[in-house]
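Here is a short briefing for a reader who is meeting this structure for the first time. Please look over the sequence and the model before reading on.

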Amino acid sequence: MPKREILDPQGKAVLGALPRLGFFGVTDVRQGKRFELEIEGEPPEEMLEQARRMAETLLSNPVIEDFHVSLVDSVGPVERRPEPVEGTTP
Amino acid sequence: MRVGVVTFPGSLDDVDATRAVRIAGHESVALWHGDHDLRGVDAVILPGGFSYGDYLRCGAISRFAPVMTEVIDAAGRGMPVLGICNGFQILCESHLLPGALIRNDHRRFVCRDQRLRLDNTDTAWTSAYSPGAEITVVLKNGEGSYVADQPTLDRLEGEGRVVARYLDGNPNGSLHDIAGIANDEGNVVGLMPHPEHAVEDLCGPGADGLGFFTSLLESRVGAS
């Protein structure tokens, strides 16, 4: 995420678009990025540490962005994902 | 001098930078992003463009190109390095220069002739200008807003490392109207506007940009 004190022109653009679409009450929008790194099996602690180093060196620019690394369960290989039911938002 | 111009995938202004180098009386040397080789050059230019499509962040992937290992080493030994536009972004991502460049505050691409004031003419790339000189060169960027935290800005101002400042209004939201900065040795300079597009009277806003390239001749910062 862009740091709080850094202007986020993209977030401002989204903020400006919301009332035009009839969504009111939002006072600020900030736009960031999310990277999903997939690994096989249970990740060892050093893998998480490595992910933090990736975030620090390449995935984010610590001068203007903050990051956090978290572990989530994979939903499995893409081809085994359940099909979204027609008419609903996946 | 032998001046290298690096071509990354997506560089646009390497040819104009090469031309500017030659017009300034230097020998130009084409450098390739994928080579661990500076081919014996005395100075390096990282040109403008959209290296790696600006994916991830502008300059973020180029910073890890093989040639950048050599550029960062050479810069540390005092070799003059000039980053223009995307090159400036690469220098910031490489931590050769402090701060970062983010999207223009007005969110539009800007392309115009831009007046600048040169506030530091002691660098390897600006010594041909007289202090406080006002010049007009091309400015064209989408992510040219210079940002840094307050201690960094204070240090840049206190040490006179703001090389160029925008005149006649701030075109992109850069803090302190900063158009270009130098490292503390003055051999590494990053500049958002494009002096290489202003080296001949025939095209562009004039030849005000040529001084960045002729400065190398009288530079006090020698290449190692």
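The side chains of A:Lys12 and A:Asp28 meet in a salt bridge with an N to O distance of 3.8 Å, a salt bridge being a side-chain nitrogen of Lys or Arg within 4 Å of a carboxyl oxygen of Asp or Glu. Because A:Lys12 lies in helix H1 of chain A and A:Asp28 in the loop between H1 and H2 of chain A, the pair ties together parts that are 16 residues apart in sequence. This is a predicted model, in which local features need pLDDT of at least 70 and side-chain atom pairs count only at pLDDT 80 or more, while totals for chains, interfaces and linings use all residues. Residues are numbered from 1 along each chain as its sequence is written, chains are lettered from A and ligands numbered from 1 in the order in which they are written, and side-chain values use heavy atoms, with hydrogens and water left out.

**Within chain A**

- A:Leu15 lies in helix H1 of chain A, where helices are DSSP runs of H or I with at least four residues, numbered from the N terminus.
- Leaving aside neighbours within four places in sequence, A:Leu15 is in contact (heavy atoms within 4.5 Å) with A:Val26, A:Thr27, A:Asp28 and A:Val29.
- The C-alpha atoms of A:Leu15 and A:Thr27, which are 12 residues apart along the chain, are separated by 7.7 Å.

**The interface of chain A and chain B**

- The contact draws 16 residues from chain A and 13 residues from chain B.
- Together the two chains bury about 1,200 Å², 70% of it on carbon and sulfur atoms, where buried area is the accessible area (1.4 Å probe) that two parts lose on being put together, summed over both.
- A:Pro9, A:Leu58 and A:Asn61 supply 36% of the area that chain A buries against chain B, more than any other three residues.

**Charged pairs**

- Between chain A and chain B the count is 1 salt bridge, and the side chains of A:Glu65 and B:Arg57 meet in a salt bridge at 3.8 Å, N to O.
- On the side of chain A that touches chain B, H1 and H2 of chain A each supply at least two residues, and H1(A) gives the most, with 4 residues.
- Over all chains, the count comes to 18 salt bridges by this rule.
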